[in-house]
Amino acid sequence: MPDRPDHDALMREALTEARKSLDAGEVPVGAVVWHDGRIVGRGCNQPISSHDPTAHAEIVALREAARAVGNYRLTGATLCVTVEPCMMCVGAMVHARVATVVFGAAEPKAGALGSAMHALDAHPSLNHRFEVVRGVLEDECRVFVQEFFRGRRARV
C-alpha cells in the first residue's frame, strides 16, 4: 500500500475480518490498523467466544498493531472499522493516539463518533483527537450487520 491508505481497500479488509465474526456467531464487525504503509493489526468481534467484554474488533486490532509496532502509541495510524465505534473503543483510540478513524456504517444506538454521542467533544481537556472519515463502503457494511440481526430475529 502507498504512504496514504486507500480507505476502500482497508474497508474491504475490515469486511473480511467481519466475516470471521459472523462465522463465529458474533456480531459481524471487523477492523484493521494501517501504519507505516501496511496493515499491522486485524481484529474481529469476539466478546462472546473470548468471554471478554472488551474484545471488540477495534480493541483486538489495536492490541495486535501495538504488538507489531512495539509501542502502545500508534501515532500516524489509521484504524478502519465496519461499524461506528462505541465509547470504549473511541477511548482506546485516543490512548493509542491514532491519527484517523474510518468507519462504514453508522451505529445509531451506541456510535460514539456522531450518531448517538460525540466522544471527541466529551471534555475540553481531552489530550488527543483524530480525524474521522464516515461512510466508506457504507452500504456493504450496513447490509452485513442488518442481515445478521435479521437472521437472529428469525430464529427467535
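Here are some notes on the predicted model above, point by point.

1. Start with the empty space. Rolling a probe the size of a water molecule over the atoms shows where empty space is left. In this model, the largest pocket holds about 560 Å³ of space. Its lining is made of 20 residues. If you want to find the middle of the pocket on screen, click on Val 27, Val 83, Glu 107, Val 145 and Phe 149, which lie nearest its centre.

2. Which element gives the largest share of the lining of that pocket? That would be helix 5, covering residues 138-155, with 5 residues in the lining.

3. Now a pair of helices. Two packed helices are described by the angle between their axes and the distance between the axes. Take helix 3 (residues 57-69) and helix 4: their axes come within 9 Å and cross at roughly 20°. Angles under 35 degrees count as roughly parallel, so helix 3 and helix 4 are roughly parallel to each other. The crossing where helix 3 passes helix 4 is left-handed.

4. While you have helix 3 in view, look for Ala 61, which lies in that helix. Is Ala 61 buried or exposed? Its relative accessibility is 0%, so Ala 61 counts as buried. For a sense of scale, Ala 61 and Val 132 are 71 residues apart in sequence, and their C-alpha atoms are 17 Å apart in space.

5. Arg 97 has a phi near 65°, which is a positive value in a residue other than glycine. You'll find Arg 97 in the loop between helix 4 (87-96) and strand 4 (100-105). Buried means under 20% relative accessible area, and Arg 97 has 18%, so Arg 97 is buried.

6. The other one is Leu 137. Its phi is near 50°, again a positive value in a residue other than glycine. Leu 137 is found in the loop between strand 5 (131-133) and helix 5. With a relative accessible area of 17%, Leu 137 is buried.

7. Step along to Glu 138, which is found in helix 5. Glu 138 and Val 102 are 36 residues apart in sequence and 11 Å apart in space, going from C-alpha to C-alpha.

8. Next, have a look at the loops on either side of strand 3 (78-83). Gly 76 sits in the loop between helix 3 and strand 3. At 43% relative accessibility, Gly 76 counts as partly exposed. From Gly 76 to Ile 39 you count 37 residues in sequence, and the C-alpha to C-alpha distance is 13 Å.

9. Cys 86 is in the loop between strand 3 and helix 4. Its relative accessibility is 17%, so Cys 86 counts as buried. How far apart in space are Cys 86 and Gly 111? Their C-alpha atoms are 5.0 Å apart, while in sequence Cys 86 and Gly 111 are 25 residues apart.

Terms used: Residues are numbered from 1 along each chain as its sequence is written. This is a predicted model: local features need pLDDT of at least 70, side-chain atom pairs count only at pLDDT 80 or more; totals for chains, interfaces and linings use all residues. Side-chain values use heavy atoms; hydrogens and water are left out. On a 1 Å grid over the protein atoms alone, a cavity is a set of points where a 1.4 Å probe fits but cannot get out, and a pocket is an open set with protein on both sides within 12 Å along at least five of seven lines; lining residues have an atom within 4 Å of a point. Grid points are joined across faces, edges and corners, and a volume is the space filled by probe spheres set on the points. Helices (H or I, at least four residues) and strands (E, at least two) are DSSP runs, numbered from the N terminus. Buried means under 20% relative accessible area, exposed over 50%, partly exposed in between (1.4 Å probe, protein chains only). Axes are lines fitted to C-alpha atoms, for helices over the stretch in contact, and angles run from 0 to 180 degrees between N-to-C directions. Angles under 35 degrees count as roughly parallel, over 145 as roughly antiparallel, 65 to 115 as roughly perpendicular and the rest as oblique. A crossing is left-handed if the near helix is turned anticlockwise from the far one by less than a right angle, and right-handed if clockwise.
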